[in-house]
Amino acid sequence: MRISKLSNPTLGRFVLPEQRELYLRMKEDEKLVHMPVLEQDELGSFQYQLCDAAREDYAITVTWWQQVKGQLGRTYSMWGTVKWIDQNARRIKLVND
């Protein structure tokens, strides 16, 4: 696999550690996304699916967004069966293999 100088401008020349760190931080920032905007009916649908998965004991995939920098963040996913739901703290417990 070849890495081009366009994708990594630090390739093939002397770079100060501070410049390299800044470049890597900029690359990480490019991966950040804005928080998704959900409509009220979508939130109701999610709540129904969570409660149904907990009641019927089947596995689901949950994806959430976590703030990292300002209005930007990362999305994470996990699958498993719902063991309990804490609606006040907005937390759930997923169990998987």
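Author: Gladly! The lining of the largest pocket draws at least two residues from each of H2, S2, S3 and strand S4 (91-95). Helices (H or I, at least four residues) and strands (E, at least two) are DSSP runs, numbered from the N terminus. This is a predicted model, in which local features need pLDDT of at least 70 and side-chain atom pairs count only at pLDDT 80 or more, while totals for chains, interfaces and linings use all residues. Residues are numbered from 1 along each chain as its sequence is written, and side-chain values use heavy atoms, with hydrogens and water left out.

The volume of the largest pocket is about 1,100 Å³. Among its 22 lining residues, Leu43, Phe46, Leu50, Thr63 and Arg90 are the closest to the centre. A pocket here is an open set of points on a 1 Å grid over the protein atoms alone, where a 1.4 Å probe fits, with protein on both sides within 12 Å along at least five of seven lines; lining residues have an atom within 4 Å of a point. Grid points are joined across faces, edges and corners, and the volume is the space filled by probe spheres set on the points. By class, the lining holds 13 nonpolar, 6 polar and 3 charged residues. Ala, Val, Leu, Ile, Met, Phe, Trp, Tyr, Cys and Pro count as nonpolar, Asp, Glu, Lys and Arg as charged, and the others, Gly among them, as polar.

Now for the elements that supply the lining. Helix H2 covers residues 40-56; its 17 residues reach 24 Å from first C-alpha to last, close to the 24 Å expected at 1.5 Å a residue. That expected span is 1.5 Å times one less than the number of residues. Aspartate 52 of H2 counts as buried because its relative accessibility is 15%, where buried means under 20% relative accessible area, exposed over 50%, and partly exposed in between (1.4 Å probe, protein chains only). Beyond its neighbours within four places in sequence, aspartate 52 is in contact with Asp57 and Tyr58, contact meaning heavy atoms within 4.5 Å.

Next come the strands. S2 (residues 59-69) and S3 (residues 72-86) run antiparallel and are joined by 10 bridges; two strands pair if DSSP finds at least two bridges between them. Threonine 61 has tryptophan 79 of S3 as its bridge partner. The S2 and S3 hairpin has 2 residues between the strands, and glycine 70 takes a positive phi near 60° there. S3 also pairs with S4, again in the antiparallel sense, over 5 bridges, with aspartate 86 partnered by arginine 91 in S4. Their hairpin has 4 residues between the strands, and arginine 90 in its turn has a positive phi of about 55°.

Threonine 81, in S3, is buried at a relative accessible area of 17%. Leaving out residues up to four places away in sequence, threonine 81 touches Asp57, Tyr58, Ala59, Lys93, Leu94 and Val95. Threonine 75, also in S3, is partly exposed at 48%, and its contacts on that basis are Val33, Thr63, Trp64 and Trp65.
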